[in-house]
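This report describes the architecture of one protein model for a reader who has the sequence and the coordinates at hand.

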Amino acid sequence: MGSLSFEKEFEPSAVTPRGLAPPGLIGNGDFGEMKRLKVATPTAPRKNLNITVTEPGSRNDGQSLDCILMNYIDTLSQRINYHIGYPVNICYEHYASLAPLLQFHLNNCGDPFLQNTVDFHSKDFEVAVLNWFADLWEIEKDQYWGYVTNGGTEGNLHGILVGRELLPTGILYASKDSHYSVAKAAMMYRMDFEMVNTSVHGEMDYSDLKVKLLQNKGKPAIINVTIGTTFKGAVDDLDVILQTLKDCGYTYDQFYIHCDAALNGLIIPFIKNMISFKKPIGSVTISGHKFLGCPMPCGIQITRKSYINNLSRKVEYIASVDATISGSRNGLAPIFLWYSLSAKGQVGLQKDVKRCLDNAKYLKDRLQQAGISVMLNELSIIVVLERPRDHEFVRRWQLSCVRDMAHVIVMPGITREILDSFINDLLQQRKKWYKDGNVTPPCVAEDIGAQNCACSYHKIDFIIP
Ligand SMILES: *Cc1c(COP(=O)(O)O)cnc(C)c1O
């Protein structure tokens, strides 16, 4: 294994990238206030490093493995100030405390509530994390079942599978703006799928849901409710959906609701608690690496214990029962989640939520004042704006674009300083793109509504605060 093994004493500071806080300065639990690199002039996107695997001793270009890694880490630490287009919380001050865990292979395969015959798992931490979420979503410890997944997608695949096992002839309903993993589930499970329209804000169109529920009255409904859509951050109203089911004559045994709360699952509870197992819902899922933050992708899936017997299989090989989708499961993720939750606490999370909502509002206001098309949904930290004209700009800021829209996700690690630097860069570039009037900013009235569109045609309706 050469120089990558931990035979040597593991020394986390040896891999601390330049500019990130040294381990001595960390651990006050206030992750969001971490000092990051000073925002310098925009750096270019990273290039392909053309890495190869070489035999030990055959490297004659003088680059050691450590050197290649340091280089890579250095690039990442510079690009981190331009990471504003995707929902990852990049404040990992706890890496130093947790780094020694990399000396072990931790595998949580099988049921989290049954101890393995092998000691190298972290199910104790996993259950602690699950209990915390069960509490948050108001279900008793002896009433729920769940596990730490490899991400929001696996949670969706699991939740929808639970629904399908309970209601094998059910039709899957999901809005046009729901995550692509939902359509993937429909394909994998060969389920009938009804796509429900959305409003211009990205929220489910409940009258369209009603029409479709009535059309399919003979078959049960499995509904994916998105608590924070991926692109626009719209929150489907669970209560309105439950009322619609009732109005259409669906009884409790004729529907199953899966809540996909990948990003907003840790934002909503601090503003307006909508997700609760006191309501007739079947499962809730959330991504662990999004709002909470974790260096590796992970997620949490919670469902009702009584639903899981259908899915559980005894597996002699692992001496456990398995109702999960994966085989081997990452044992590091639950420890990182447990550490983050414990270090932040409800108060810390609430502070993160408030700061992100304030910063998102700040970004939206500044763009609006500058005459740029922009939309920010209620309860959301996703600022949707007109697509920047230049691909290089999009790449520099690592933005995600759909049609004529782009978005900035104002996560806990994103400071006002970073936002200001983005705004200034955008304003400067726009002057160049649109200087002679031959090209004009795109019209996004159909994407985000005429009142949010500042194109030359809709400018008159555009509300400047
Ligand atoms: C990100 C996201 C997912 C998928 O989560 P992963 O952790 O990336 O698998 C699912 N649903 C929504 C609404 C998301 O935004």
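The model is predicted: local features need pLDDT of at least 70, side-chain atom pairs count only at pLDDT 80 or more, and totals for chains, interfaces and linings use all residues. Residues are numbered from 1 along each chain as its sequence is written.

**The mixed sheet**

An open sheet of 7 strands has the order 1-7-6-5-4-2-3, with mixed pairing. Helices (H or I, at least four residues) and strands (E, at least two) are DSSP runs numbered from the N terminus, and two strands pair if DSSP finds at least two bridges between them. Strand 1 (144-149) and strand 3 (193-196) stand at the edges with a single partner strand each, so one side of each has no neighbour in the sheet. On average, neighbouring strands here are turned by 15° against each other, direction ignored. Axes are lines fitted to C-alpha atoms, for helices over the stretch in contact, and angles run from 0 to 180 degrees between N-to-C directions.

Within this sheet, strand 5 (residues 255-260) pairs with strand 6 (residues 283-287) in the parallel sense over 3 bridges. Asp-260 is placed opposite Thr-285 of strand 6. Helix 6 (residues 206-215) lies across strand 2 (171-175), strand 3 and strand 4 (221-226), and runs at about 155° to strand 3.

**Helix pairs**

| Pair | Angle | Distance between axes |
|---|---|---|
| Helix 4 and helix 5 (residues 180-188) | about 45° | 9 Å |
| Helix 6 and helix 7 (residues 238-247) | about 30° | 10 Å |

Helix 6 is therefore roughly parallel to helix 7, whereas helix 4 and helix 5 are oblique to each other. Angles under 35 degrees count as roughly parallel, over 145 as roughly antiparallel, 65 to 115 as roughly perpendicular, and the rest as oblique. The crossing of helix 4 and helix 5 is right-handed; a crossing is right-handed if the near helix is turned clockwise from the far one by less than a right angle, and left-handed if anticlockwise.

Helix 4 contributes Thr-153, Asn-156, Leu-157 and Ile-160 to its contact with helix 5, which supplies Ser-181, Val-182 and Ala-185. Two residues are in contact if their C-beta atoms, placed from the backbone, lie within 7 Å. By class, this contact has 4 nonpolar, 3 polar and no charged residues. Ala, Val, Leu, Ile, Met, Phe, Trp, Tyr, Cys and Pro count as nonpolar, Asp, Glu, Lys and Arg as charged, and the others, Gly among them, as polar.

In the second pair, Tyr-206, Leu-209, Lys-210 and Leu-213 of helix 6 meet Val-240, Ile-241, Thr-244, Leu-245 and Asp-247 of helix 7. The residues of that contact divide into 6 nonpolar, 1 polar and 2 charged.

**Surroundings of the ligand**

The ligand is surrounded by 16 residues, of which the closest are Gly-151, Gly-152, Thr-153, His-179 and Ala-262. A residue counts as near if its C-beta atom, placed from the backbone, lies within 6 Å of the molecule. Helix 4 (residues 152-166) provides the largest share of this shell, 3 residues. The shell comprises 3 nonpolar, 12 polar and 1 charged residues.

Strand 10 joins strand 11 (residues 382-386) in the antiparallel sense over 3 bridges, and Leu-376 stands opposite Val-383 in strand 11.
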